Amino acid sequence: MAVEATTGSDLVITRRSFRSFMSEVFGPLLQVFLFVIGSAVVLGGIVLLLALALRGARTDIDLLQGTITILPQVIIDGLVRGFLYATIALGYTMVYGVLEFINFAHGEIFMVGAFVGAFFSAALASSGMLTTLSPILFVIAAVFLGMAVSGLLAMSIERVAYRPLRGAPRLVPLISAIGVSLVLQDVMRMIAVNTGLGFNAQFRTPDLGQPLVLAQMPIADDRTIPVSIDSRSLIFIVVAIIMLIGLNYLVNITKLGKAIRAVAQDRPAASLMGIDVNRVIAVTFLIGGALGGAAGILFGMRVGSINPYVGFLPGLKAFTAAVLGGIGNITGAMVGGIVLGFLEAFVASYLSLFTRGQFSGASYADIVAFSILILILIFRPSGLLGEVVTQKV
Amino acid sequence: MKRISAFLIFALLGALLAACGGAPAAAPTAAPTTPPAEATAAPAPPSGGMTGVIKIATQSPLSGPQAALGVGIRNGAELGLEQLGKTLTDMGFTVELAPFDDQAKPEVGSANAKNIISDNDILCLVGHLNSGVALASLPDYQAASLVMVSPANTNPKITESGYPNAFRIVGRDDVQGAVGEEFARTELNIKSVYIIHDKTDYGQGVAEFFRQNAEKNGITVLGFEGTEEKSVFDSILTPIQAANPDLIYFGGIYDQAAPLFKQARDRGITAAFLGPDGLDSPVLLEVAGDAVKGMYYTSVAAPVSQFPDAAKFAEDYQAKYNEAAPPFSAQAYDAAGICIQAIANAATAANGKPTRAQVLEAMKTLGTFKGITGSYEFNAKGDPVKGAYFVLQVSTEAGAPAEVWNKNAVVKRLEIAAP
């Protein structure tokens, strides 16, 4: 009886209709896309309304025109920032999904990924191959290298620092994670300083081209300012989307994904069904770490110079994004990251304009963005996409 | 299973300890270069009281993003102790350097300060690099009457807060901000400026002084923003691009300025860049590359090559540490020299190893000290009576950043009395 049931469910998996396949792999992407449009429209609408309302208060400049001129660029900035948080948040949310535990070392996994890229580019540069290598090949090679190293690192950290503590009270692995994070920072500092890479490591790339100018926005005095997106940012977004599709495929379609979801829902029961829980958890760390490593590589490529502490702040923000989206929910992590990125970009760019320079936007961006976050969480405590009974992973 | 993990954890801890142990162990090795044997061999000491260990402490960031400058301060002081410490060793004392790493963090500096004052052999301190760290540590130094001679702190509050034990051999931000503003207005013909700072005592301080002077003298200030962002400056650059200023003034340190300037140029922002002495590091050029070539910055400390008396120091530094002397290292050498002179004066007056209070008294009556970066005389607040200020231009030559940086030219030199 039992055997029959198992084969039956296997058949269901293999004979999944094309439609459900598409909806499970690309559905979340659609959801993310809707949130991108939604955030842009809502926040853009708010700043335009504010500009209209405050128009009379400022006589020195045309507030409405100033607002509209930079709006497209602010949306692009927000999108790029959002995808950064989103890709890191995926790692937090996957680990939380299976272990209900916040892996605070994830920001450092991201940092290690960035350093792997820096080492890779330095090695290429010293052998003179950097300028001759095709940019696409370079990006692909660097991303895969970063994914491999960070993924394996995350897996070994789980083995050494978390698995022995799995039965311990919940705070214990948390402390262990903070410890791992400090260890990784300083070990990487030691390695970077002693290998000639330097504390401020350079991430060189082949020529990736000039920023892509999408439009010219007119501004006073017959001057126009370009709306542009950096080619590196474009690569970031494209790779992030590919990763999300891959992750959805993995979690929703494959047998491994089913095992991960089973472990997330009920670990003892999954174990009784013959799932090797330890292996599934290790694989989850591998996937989360690989995503973090890829994000690190893309981040380093975009910024050009990294140091061993670059992982801390993006890590913290990504954790916030994961909570905002509903921790444990993969699409939620993406959505949360994007919403947070938009909030920060809008506040940083517009606050100063609307307060006549009284409040510096960049200084207060975090305060305003996080206040809005608190408001959202008061009304939706389980996050934007979290449900009362969270559908984990 | 459990045993293996425990073993791994121990192995990890062991590796860590080994890693941590490496750095501090290297520091005290410099001390024995002033051989205590001299004390016994030379029958010179006039009295039996002139014995014992005298330590001069340094506090500067030896690790972290600003270590390039902080290590320079430590090394400069170490060299100063080796070459000028003879005054004290001839008297019969043993002289040692006690380097501390403040990590450019106020809380670390303050914790170190408590360690420093609990060591009674430490009679004088050379430090800090960061004004914010110095301000956090000064209350502890004051409680112990420990003299602090700063080779780099430019925030006015250092000497304006009423600490009798705070001295510096560099100029002040209120003057430095004004020097930058005047240079931008008269030499660069700047009509509008966008000011960004790093929200620290130092960066925001100098940026505020720039803004005050700019507003007073008719430069339009299009924006004044503070940020702790270190890598992605998109949200700051978008409003700048719309405002289209002639100049971007950055009040802060090079580790933040470099990516900011680089990303601004990548975006097609053509404004000129200007900043204070926090930008004075080859790392700026290394990270920002072409974006900063030819830009100007103001400084209280010109490159070592600008001081004719410091040529030997530059050679000695290169020989001993195998790198070009970074900014502020020559000032640290002089600060150590001032410490030694004050301690020697106090020792002569007390006819024995002086107390910290006696060293402080000696500092106040030091008179003129002739160092390798200039002659220093302190006013009642602890400022040099006349501070030197420089406007420098980043060299446009090709080559390794550390070497190119030393070719930066002084475009203007001003001697301005402390306000």
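Reply: Let's start with a term: a crossing is left-handed if the near helix is turned anticlockwise from the far one by less than a right angle, and right-handed if clockwise. What you're looking at is a predicted model, where local features need pLDDT of at least 70 and side-chain atom pairs count only at pLDDT 80 or more, while totals for chains, interfaces and linings use all residues. Residues are numbered from 1 along each chain as its sequence is written, and chains are lettered from A and ligands numbered from 1 in the order in which they are written.

Now to the meeting place. Helix 12 of chain A and helix 10 of chain B cross in the right-handed sense (helices are DSSP runs of H or I with at least four residues, strands are runs of E with at least two, and both are numbered from the N terminus). Helix 12 of chain A brings Glu344(A), Ala345(A), Ala348(A), Ser349(A), Ser352(A) and Leu353(A), which meet Ser235(B), Ile236(B), Thr238(B) and Pro239(B) from helix 10 of chain B (a contact needs C-beta atoms, placed from the backbone, within 7 Å of each other). Sorted by class, that contact has 5 nonpolar, 4 polar and 1 charged residues (Ala, Val, Leu, Ile, Met, Phe, Trp, Tyr, Cys and Pro are nonpolar, Asp, Glu, Lys and Arg are charged, and the others, Gly among them, are polar).

Zoom out to the whole meeting of the chains: 38 residues of chain A are in contact with 34 residues of chain B. On the chain A side, two or more residues each come from helix 3, helix 6, strand 3, helix 12 and helix 13 of chain A. Helix 3 of chain A gives the most, with 8 residues. By class, this side of chain A has 19 nonpolar, 14 polar and 5 charged residues. In the loop between helix 3 and helix 4 of chain A you'll find Glu100(A), which isn't a glycine but has a positive phi of about 50°.

On to chain B. With 16 helices and 14 strands, chain B splits into domain 1 (44–171 + 307–384) and domain 2 (173–299 + 389–417), with bounds from an automatic or database domain assignment. The C-alpha centres of the two domains of chain B are 29 Å apart. Where they touch, 15 residues of domain 1 of chain B are in contact with 17 residues of domain 2. On the domain 1 side, helix 3 and helix 6 of chain B each give two or more residues, and helix 6 gives the most, with 3 residues. That side of domain 1 of chain B has 7 nonpolar, 7 polar and 1 charged residues.

Five strands of chain B form an open sheet in the order 2-1-3-4-5, with parallel pairing (two strands pair if DSSP finds at least two bridges between them). Strand 2 and strand 5 of chain B are at the edges with a single partner strand each, so one side of each has no neighbour in the sheet. On average, neighbouring strands here are turned by 25° against each other, direction ignored. Helix 6 of chain B packs on this sheet, touching strands 1, 3, 4 and 5, and its direction makes about 155° with that of strand 4. Strands 3 and 4 of chain B are joined by 3 bridges, and Leu125(B) stands opposite Met148(B) in strand 4. Between strand 3 and helix 6 of chain B is a loop that holds His128(B), and a cis peptide bond, with omega about 0°, joins Gly127(B) to His128(B).

One more strand is worth a look. In strand 10 of chain B, Tyr296(B) and Thr298(B) point one way, Tyr297(B) and Ser299(B) point the other, and all are buried (buried means 20 or more other C-beta atoms within 10 Å of the residue's own, exposed 12 or fewer, partly exposed in between, with C-beta atoms placed from the backbone). Strand 10 runs parallel to strand 9 of chain B, joined by 2 bridges, and Tyr296(B) is the bridge partner of Leu274(B). Across chain B, 58% of the 419 residues count as buried. Asn189(B), in the loop between helix 8 and strand 6 of chain B, counts as exposed because it has 10 C-beta neighbours inside 10 Å.

Key. Contact = placed C-beta atoms within 7 Å. Axes fitted to C-alpha atoms, helices over the stretch in contact; angles between N-to-C directions.
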